[in-house]
Amino acid sequence: MTGTDNGREAYAAERAELARLLPPAPGTDLPPGRHEHHRERLMNLIDDDTARAGDRARERADRPDRSRLLRPSFLAPATALALAGALVLGYAAQNGGGPADTGDTRSVSQVLLRMSDAAGRSDALPIRDDQFLYTRGTGRDVDLTSGKAVIGPLEESESWFSQKPGPQKKLGLIRQGGHTLPINAELGDSEGTRPGLNRPTYRWLATLPTDPRQLLDYFDEITPKFEGEDRDQALFESIGGLVGHALLPPDTAAGLFEAVALIPGVTRTPDAVDALGRKGVGIARDDERSGVRTEWVFDPEDLSYLGWSSHLTRDTEYGKKGDFMGDSAVIETAVVDKAGVKPQS
């Protein structure tokens with residue numbers, strides 16, 4: 001057997017082991033079927049990166065160790081951010097307004113309108129094109145690769161997302177477990193990833209319509225479609241990716257909350273809890289296809305975004321009704337001038 005054959009077998013074995021260990025994309029509000037879609041894209045991206053690394057290694061035979069794969073625990077979060085357009089950490093929504101009524105007398109529409117009003121009155125400053133959105137938070141993943149839900153530990157992460165206009169090949173940085181990795185362009189974006197759902201820059205968000213119905217129609221156009229999915233759930237997830245994971249212009253934030261109120265099946269849960277155990281007002285929707293309920297958690301006093309959590313609403317092949325399916329919590333968000341640099345306290 002040639003050295004090339006040995007190398008291919010070793011790579012195939014390493015890829016198989018990586019696929020077994022790799023958790024679903026963290027922090028996304030996706031049902032298992034869509035997790036697997038992004039998981040496969042992630043594996044393809046790892047293949048592509050590994051092939052390029054192998055080419056470089058053959059050109060530098062004196063330094064072969066540089067082509068080795070990173071451990072999956074560090075690869076998964078960084079790549080999943082680029083693939084799924086979502087963070088484990090979330091984003092602290094603009095503050096404003098007084099305490100929210102968490103009693104049963106207030107409907108979900110009333111709560112969302114209150115959130116819309118608070119967001120619209122925010123005095124949050126915009127991010128310049130040359131700056132970065134910094135986020136620090138924590139969360140837990142659930143690994144379904146064994147056929148059963150296995151809860152991972154809380155892991156703290158930091159991220160820096162670029163606000164540069166136009167297509168970008170380097171979207172920012174993520175730091176986890178003492179390792180800092182680049183967030184690369186979406187797989188297939190050879191010219192770089194443009195601002196949009198998977199790269200929600202402040203400038204792009206400011207161009208969105210602010211009318212709730214127009215917003216919902218626009219999101220229906222730009223949200224990827226998957227066979228057999230609940231379209232209303234897909235819209236809830238797409239908007240959640242912005243409400244929880246981007247710095248929103250006040251008018252855009254106000255419109256998004258009102259747009260969520262137009263989605264059938266959205267409910268209010270007064271006792272929602274984030275990954276740090278902070279209790280708040282929950283905005284939730286059940287995905288009947290996967291049996292998963294996802295809740296966005298908001299501070300009951302100022303309506304700022306705290307994080308998200310999810311659990312099973314019925315018995316499934318990978319767990320029983322009520323089983324935990326992941327969560328996150330925001331610790332800090334800020335605007336910084338340079339990737340990799342923490343905000344000044």
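An open sheet of 9 strands, with antiparallel pairing and the order 6-5-4-1-11-10-9-8-7, is found in this predicted model, where strands (E, at least two residues) and helices (H or I, at least four) are DSSP runs numbered from the N terminus and two strands pair if DSSP finds at least two bridges between them. Residues are numbered from 1 along each chain as its sequence is written. Because the model is predicted, local features need pLDDT of at least 70 and side-chain atom pairs count only at pLDDT 80 or more, while totals for chains, interfaces and linings use all residues.

- Strand 7 pairs with strand 8 (residues 279-287) in the antiparallel sense over 5 bridges, and Val273 stands opposite Lys279 in strand 8.

**Helix pair**
- Helix 6 (residues 212-222) and helix 8 (residues 250-261) pack with their axes 8 Å apart, at an angle of about 80 degrees, the axes being lines fitted to C-alpha atoms over the stretch in contact and angles running from 0 to 180 degrees between N-to-C directions.
- Pro212, Leu215, Leu216 and Phe219 in helix 6 meet Thr252, Gly255, Leu256, Glu258 and Ala259 in helix 8, contact meaning heavy atoms within 4.5 Å.

**Confidence**
- The protein chain averages a pLDDT (the predictor's confidence in each residue, from 0 to 100) of 75, and 69% of the residues score at least 70.
- Confidence is lowest in helix 3 (residues 72-84), at a mean of 27, and highest in strand 4 (residues 155-162), at 96.
- Where pLDDT is low, the predicted coordinates should not be read in detail.

How values were computed. Heavy atoms only, no water.
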